[in-house]
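Student: I get lost when I look at a whole protein at once. Could you pick one part of this one and take me through it slowly?

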Amino acid sequence: MSAFLKVEDLTVEFTVGGTKKAPAILRALRAVSLDVEKGSVYGIVGESGCGKSTLARVLSGLTPATSGNVLLEKRPLSQARSPAERRRIQMVFQDPGSSLNPSMSVRRMLAQLLKHHSIVPRTQIENRCQELMAQVNMPVDALGKKPGQLSGGQRQRIAIARALAMAPEILIADEPTAALDVSVQASVLNLMADLIAELGMTMIFISHDMAVVRRVCDRVAVMYLGQIVESGPTEEIFANPKHPYTNALMHAVPRLIPRAADDYQMLKAEQPSPLAKIEGCAFRGRCPKAGDICKTQDPAMAGSAHQVACHFPRPPQQEGPS
Amino acid sequence: MSTVLDIHDLRVDLAKTGGQISPVGPLDLTMGAGECLGIVGESGSGKSLTLKAILDLLPDGLARHAGHQKVREGDVLVERDPAALRGRKISMISQEPGAALDPLMRIGDLIAEIVRQHSGVSRSDAQLKAIDLLRRVGVPDPETRARFWPHELSGGLKQRVVISMALACRSEILLCDEPTTALDVTIQAQIVDLLRDLQKEEGLGLIFVTHDLALIRQIADRICIMYAGLVVESGPSTEIFARPRHPYTQALLAALPDIEQSTGRLVPIEGTPPNPWDFPVGCRFAPRCPKATDICLTSRPELERSASGTLTACFHAEGGS
Amino acid sequence: MEQVQSTKAARTHLPGKAKVGFAILAVYVLLGVFGPILLPFDPDKANVLQRLKPPSSTHWLGTDQLGRDFLIRLLYAIRIDIPVAFAAAFFPMVIGTALGAIAGYYGKFTDLIVSRAADMVQAFPVYVFLLVLVFALGSGATSFIIAATAIAWVGYARLTRGEVLRLKGQEFVAAARVTGLPEWKTLVTHVMPNALPQTLIYFMSDVVLMVLVLSSLSFLGVGIQPPTAEWGRMISEGQPFLHSHWRLAVAPGLMLMVFGIALSLIADGLDEWFRA
């Protein structure tokens, strides 16, 4: 399997205080590896502090990695991205309210990018702007407006248009609908699904909303405290979560139709601090199945298509829940 | 089930306009003992303002009016001033638990202070009661945690502390303004579990406001769906989800990505909700409603009871009344 | 999550108070430009025989202690005070804003240098510093402007640095970087337009301050030299006559005060306008 985008042992650590001899280190990402196939939608789920946003920032070139590699078509991307490298990977941010410059009209913003990267000749800029509006189902007169004059859903479409302006090969969506109402979320998600189908783009979809991820993504990786604990095809993960944390996540999400009972026990306690040095498995403090080995050995990812990092993964359920 | 709260004709006005522009209302709210009433709506529906209006905790520039607001005392329903209810009969928790915690007081002291205010026991007894309350709300190792400062607590723990403060007031009703929106889903599950436990064991009544339909399904016995400041549909939770009669409720459910389903296109609701100064004459949802006809544009539908017990405000509600 | 939004009108129309402020400013400018043309008196030439005359049909506000027409001196003072004050606020604004922006955006070394320089300037008591500079540079409008620039840039630098730091963390700046825009372009086209409103408001207040400082210095005997008409100077010269001819000290004081109020109204109005 030739991976289009490959992440190898990516580690990101921040020093957030402490002393010179004993610095307080925040491990945002701990040796994360994943493969993304061309044209697929790869979902990353997890709760706050799991590192998914940091992963997005490293992939989009905003945050440098402490160690590890990001490879695009087998060639590593440099820390300081070149303009050509930047064009290939674009990002849609979470909050449409702050991800658009409040003092710039949509037209100016798009024109600036098209001009800077010489994507189309000068004479074609206005045309391309109008094309982009059509692509995101926005009226042409939106070009003359400033973000403050647009609704949340409209702003997010503009944010998508901005990402598309550079015709990227990979789109990273960092919680693109988290700040939107349900009714608006639906239209933005439909738009993204359409664009993926039309443009054959590869997408990395980061979200804490499991329901959305299930609809949109081909593969999913579940993150906890800076590590990937489980990954595999979406249906597999949702039907047969192997990691106790994945199972807990599935159960914790409120559903319209209540779930059938199974071996789920609600997670006690809370996440440990990401500053703490962890011996063994990071999840053992909350895990209903933790054993002695979990205290000393950090489990490695095992499996082929459906991988899990756990010493006591759940066996496949007979009458699989959902 | 006996009614413990009865509010009629609640309205929130923009004070400057002297009653001309009302972001919320008029609407009625009633609640039975130990019940969980859910209020669901998207942003701009007025759900948070409604909750704040019950205790008259509105921001500057907004004024509250009500036909009557009665609570149960003993055997009768008595008209009571909102200010008199605060922190006694009715408490409130909100999305930002940190805001309710004095950063300069240890949490044990904070709770003990409330205990003393409401039951005049000695300082040491109040401290013990505080630890007791922390245990009741599921704070692990409460003796140690009571010495913590608010900033040392996680979001989930802070919310538990705020809930324990409401218990310390011996409130009968807890108003919950999106208390879990800012929390992780596994922590949300814990808090929801705690609230339901309190509802069952202590008979605590809940009015729970959220935008999350699936969440309200889990926690509420009865639901009100709000749109543009009005209640458009209300009734038993199971009934509303099984047979939604108002087009807005139906549209919301069609737009919702349920975790059970992996396919099928989501149906968005075109357009945006109106601003309070642009509220249409007639049905406020009509401009976006697939079933709207002429009458919907000129007159506002009233809530009407259906055979199954739900109230719906629509001229074209399914199932008739 | 929910807010009752302010009406759109709040953002598109300048608040009334700002309009009043601009109107007053306009009156001053008109008086300053046309007044001296319409009144045929020489503001500097002394005429001792005519000294301290009360208001009459020839001299609408009478004459001052050296027999010069009082009204014309008030109007000529506008030509000194207003342009000089604006200039004394303008140059610090340009230099301070630029330095603050670079320090805030690029941080580290540039920030270190600019911030330490700002600290050093601020460590001196303002008036002492100003007086020293003015003594060194000589009196008159130009030296005042140079001296003011050397000191006042700090305020703008700190303000802009703060705004830039705040804006730097906003997602739209990160978005601009992701799209491959070079840092300097991001700073100039994305960050600065959002940082400037605060600077503008500060500028208005700063002009008021500069007028007061200029007047104070002239009152003290440095700054603008006689016989040039300037409000502070005129207040100082009118001081001995407070009991007999109080208009000589009070009138320039009033002109100063109304001018200050006008600019404050503009600053407040702009602040409201930008906040909406």
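Tutor: Let's look closely at the sheet in chain A, then step back to the chain around it.

First, some ground rules: this is a predicted model, where local features need pLDDT of at least 70, side-chain atom pairs count only at pLDDT 80 or more, and totals for chains, interfaces and linings use all residues. Residues are numbered from 1 along each chain as its sequence is written, while chains are lettered from A and ligands numbered from 1 in the order in which they are written.

Now find the sheet. It is open, has 7 strands and mixed pairing, and reads β6-β7-β8-β3-β9-β10-β11 across chain A. At its edges stand β6 (89-92) and β11 (307-308) of chain A; each has a single partner strand, so one side of each has no neighbour in the sheet. (Strands, E, of at least two residues, and helices, H or I, of at least four, are DSSP runs numbered from the N terminus; two strands pair if DSSP finds at least two bridges between them.)

Next, zoom in on one pair in chain A: β9, residues 219-224, and β10, residues 227-233, run antiparallel and share 6 bridges.

Helix α5 of chain A, residues 152-165, lies across β6 and β7 of chain A, at about 175° to β6(A). (Contact means C-beta atoms, placed from the backbone, within 7 Å; angles, from 0 to 180 degrees, are between N-to-C directions of lines fitted to C-alpha atoms, for helices over the stretch in contact.)

Stepping back, chain A has 10 helices and 11 strands in total. Its radius of gyration is 21 Å, close to the 20 Å of the globule rule for 322 residues, so chain A is as compact as a globular protein of that length. (That radius is over C-alpha atoms; the rule is 2.2 Å times the number of residues to the power 0.38.) The C-alpha trace of chain A spans about 70 × 55 × 40 Å along its principal axes. Of the contacts in chain A with a separation of 6 or more, 65% join residues 24 or more positions apart.

Conventions. Contact = placed C-beta atoms within 7 Å.
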